[in-house]
Each structure stands twice: as C-alpha cells, then as structure tokens.
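Good morning, and thank you for making time.

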Amino acid sequence: MLRLFIAPLRWFEASPGFVKLCGWLCLIALIALASEMVDPSYLDPSHQKFIFLIGALGMWRYGNAATHYLRGMYFLHWRFPRMRKAVERMGDAALPEHMFMVVTSFRIPTHTTFKVYQSVFQEVQRMPVPCTIIASIVEKGDENFIKDIMRQEVRDRDDIKLIIVRARGTGKRDGLAHAFRALSRQMPLENSVVGVVDGDTMMLPGCVERAVTLFAYLPSVGGITTNEFCEVEGSKLMQEWHTMRFVQRHINMCSMALSKRVLTMTGRLSFFRASVMTNPEFIKDVEADFLDHWRLGRFQFLTGDDKSSWFSLMRAGWDTFYVPDSHTLTVEHPPDNSFLRATRQLMYRWYGNSLRQNFRATRLLGLDRLGLFTMYVLYDQRVSMWTCLMGLSASVVAGLLFGVQYLLIYLFWVLLSRTLVTLLFFFTKHPVDPIYPFVLYYNQIVGSVMKVYTMFHMDQQSWTRQKTTISNGNVNFDAALNRWTSKTMLLSSIAIFFGVISVLLELTQP
C-alpha cells in the first residue's frame, strides 16, 4: 500500500513540468508576500511620493520595451508568416545557384566539433543545389576528423566539395579572412549564397533552406541572421541565464527585422550574398577592423566580427534581416565555473563590441542610412545603461535617508514587473522558466554596470576562449594617460549620476 503513495511522489519529483509548476507557485507567493510588506499610502496616486514610482523615466523605459515587444510580435506572428508563404510560392526559383558554407573551428571540444560538422553535412545533403564547404581550422587533426565526418554523412553527391583552409590560430578574424579569400578563389556565381558557421553551432534540420530562400524574395537584403537556441555545459543557473538572453535576442531581432535593420550579423550562423563576401572591402573589414576614438586614438578590434560584417553591409547600401523559423542550436561553454565571473566576462565582451559599433555607426552611417527608429535604438543603448541603474540606486539612497519603505516598494516592483515581462516571453516560441525574473534583473543590473565600465574603456578587449588581449600600440606615456583619463571620466560620470538621483529624490519629498 505504501508503494501506491510513494510512486506518484517520485514521478512528481522527476517531472520537469512539476518542478516548473512549483517554481511558478513560489514566485507568485513571493510577490504576494512583498506586496503585504508595502505601506498602502505609498501606492496612492494622490500621494506626492507616488511621483517617485511612476515618473517619466519609468514610463519611458517600459514604453521602449513595449515598443520592441509589440513590433517583434507583429513581425513574428503576422508579417513574417506572410513572407514565408510568398517564398514558398516561388518554389525552386528561390534557391541559390550554389551554396557555400564557411565553418571556423579553434579550440572546440571534439564532441562539439563532430556535432557541428555533422549538422553542416546533413544540411548541404538536403539542399538540391551544388554545395562547397570551406573549413577554416588550425590543427591537422581536425582536417582528418572533418573528412571522416563527410564520408559518413554525404552520400551520392558529387556536387558537394570540401576545402580545408589552415589558419595561423591568431584569432577568429584571421581564420575568417583566410576562408573568405579561399571563397573568392572559387569565383562563385552571382546568385550564390554563403553561410558562415561558428565552430560551436549546430544547424537544426531545414535551417539553411529556410534562410537562403529569403534572398530571392528580398533583393535589397545582403545579410541574414538566424534564430538561436542553446545547449549550455554549465550549472542550472548558467543555463537559464543563457536561454533567457536568447529570448530577449529573439524579440529584439524580430523588432529590428521589421525595419530590415537587424543590428548584428550573428557570428554563430549568418548568411550573405556571395557578391558581398568576395568584395575585398568586406574581407578587410572583417580581418582588420578598427575604431578611431577621440580620446583613445585608433585601436584594432579583437572580437566582434559579427558587428564588423554588419557595418560593412550597411555602409555598402545593403539591408539586413532575421529569419525566425531558421533554427540553430549553440553549444555554450562558459569561460569560468563561477557564474558571476563567467557572466561578467561574457557581458564585458558582448557589450564592448556593441558600444564600439554603436559610436561608429551613428557617426559614420547617420540618419539617412540607418533610419529614424534604428538611430533612436542606438542612442537609447547609451542611455539605458544609466536608467537601468537609477531605480536601484535611488531606492537604496531613499531607503537610507527617508525610510525602509522605499526599498520594500522597489523589491515589490522588481518582482512584479519582471514576472510580467517573463509571462510575455511565452508568446516568443522560446522556452520560459520561473527563474527568469531573477536572471532578468541580474542581467539588467550587472549588465548595466559592465556597460558603464566598458564605455570608458573601449580600447580594452579580451577573447574568452583564446584568453588573448589586444594592444593599441601606444607608448607607455600614452597608455598611462589613457588609463588615467578613463578612470577620471568614469568616476566623474558616477558622481554626476548620483547627483541627479539626489535632485530627483528631493523633488519627491513634501
């Protein structure tokens, strides 16, 4: 009789759905508890302190988020499905004359390399057009390994070729440039398409065909990027942090695709017209991109090849696009076992690339090329790092000066608002977890801190996998001056930030 009771309990313990349900229930209970701790007078709209809670700043921030979300959902559920049906009506006419796949591999675990190349060969096997795979590698062992995978996966296809390119191992940019020059030597046909795949990205069935057929339907588009899911080799918290980021990425990509102004050609998997990639200027941009900074001088980009390819496309007059039904699975290898250290390293690299691109794009491309909405988004990226920190900073200061109720109100608002945002994620067709409100808030606060620091140290770069850094070539005096001015400007900005908070808090008091 006892077994009849124990067996269902064991099933509930092992059921992921049951665990998630318990997580949602705990989250709702936590919100209810936080609401009980708030003095109702502070939530009265007639109370002067209410200005502190729903001021213009908060309405502006959530208005921006709502705009992106509504644009993204309109594109995902209405605009793009109609585009897909139009492409399907084109039939084989939408296919390219020749398909190229450029794959870069460096210090990728063997089991991941096998899955990646297996997916590449399976995808080109499905494509009813001639295909050429260009593998940019460093180690000789990878060459034999890749050839073995090709022999296993490619059957009865004489029109599928493999080209091995040996890079020097000095970075991904060099590896890509070697592969792009090898592509140029193949003299691809005008209607050819090139896919660029990272060494840790697996393409899910049908991924390539669903992406490349969009080029025939969108003649102004020069580059297309794809929808990513992830498989994380790390802790549960690290897994949920990554998956939550991919949900946010999906929403923003859909929003920007509505304007054909996707802001990055994701290095994990993107597709380009062959005429774009064989252009010497495009290859130069990817290989040796740089930024001229008014204070730090000229320095090379170590990472961020996806931003360089986007900038090169936009400068050449091409549009960029996102295909939400072309799916990839990325194998994420955290750079550190510690969640805090790993996320900070990754955010430092990602946000540094975004900010370097941001300042250059607004200055060199301008409103005529980017359009009003894209320009607004880029300028908002510079402001949002401060506004995300303002709520926490103001609540802490107000809690210390005027009473703990301000901190309790802020806690309740964070739990409620981030939970509502998480519930909206269900409409994105990505997985959602009850831990998202917490990792979402962590990402906003820690990410904003990393952005603020990076904005004043844009010449400092690192590559999380290769553990290398880049030097701007300055002499000791110039390097020391740059470090001193960077720290001075950072501290001055922080002082101004808290000065603004103090003024706003004074305005909320009777």
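At what angle do helix α16 and helix α17 pack, and how far apart are their axes? Before the reply, a word on the source: this is a predicted model, in which local features need pLDDT of at least 70, side-chain atom pairs count only at pLDDT 80 or more, and totals for chains, interfaces and linings use all residues. Residues are numbered from 1 along each chain as its sequence is written, and side-chain values use heavy atoms, with hydrogens and water left out.

Helix α16 (residues 372–402) and helix α17 (residues 405–424) pack at about 150°, and their axes are 7 Å apart. The angle makes α16 roughly antiparallel to α17, a term for angles over 145 degrees. Axes here are lines fitted to C-alpha atoms, for helices over the stretch in contact, and angles run from 0 to 180 degrees between N-to-C directions. Helices are DSSP runs of H or I with at least four residues, and strands are runs of E with at least two, numbered from the N terminus.

Contact means heavy atoms within 4.5 Å. From α16, the contact is made by G391, L392, S395, V396, A398, G399 and F402; from α17, by Y406, L407 and Y410. By class there are 7 nonpolar, 3 polar and no charged residues. Nonpolar covers Ala, Val, Leu, Ile, Met, Phe, Trp, Tyr, Cys and Pro; charged covers Asp, Glu, Lys and Arg; the others, Gly among them, are polar.

Next, the cavities. On a 1 Å grid over the protein atoms alone, a cavity is a set of points where a 1.4 Å probe fits but cannot get out, and lining residues have an atom within 4 Å of a point. The count comes to 5 cavities of 30 Å³ or more.

Finally, the backbone. Most residues other than glycine have a negative phi. M187, however, has a positive phi of about 45°, and this residue lies in the loop between α7 and β4. M187 counts as exposed (over 50% relative accessible area), because its relative accessibility is 68%. K260 has a positive phi of about 55° and sits in the loop between α10 and β7.

Terms used: Parallel < 35°, antiparallel > 145°, perpendicular 65-115°, else oblique. 1 Å grid on protein atoms, 1.4 Å probe; cavity = no way out; pocket = protein on both sides within 12 Å on 5 of 7 lines; lining within 4 Å. Points joined across faces, edges and corners; volume = space filled by probe spheres on them. Buried < 20%, exposed > 50% of the residue type's maximum accessible area, 1.4 Å probe, protein only.
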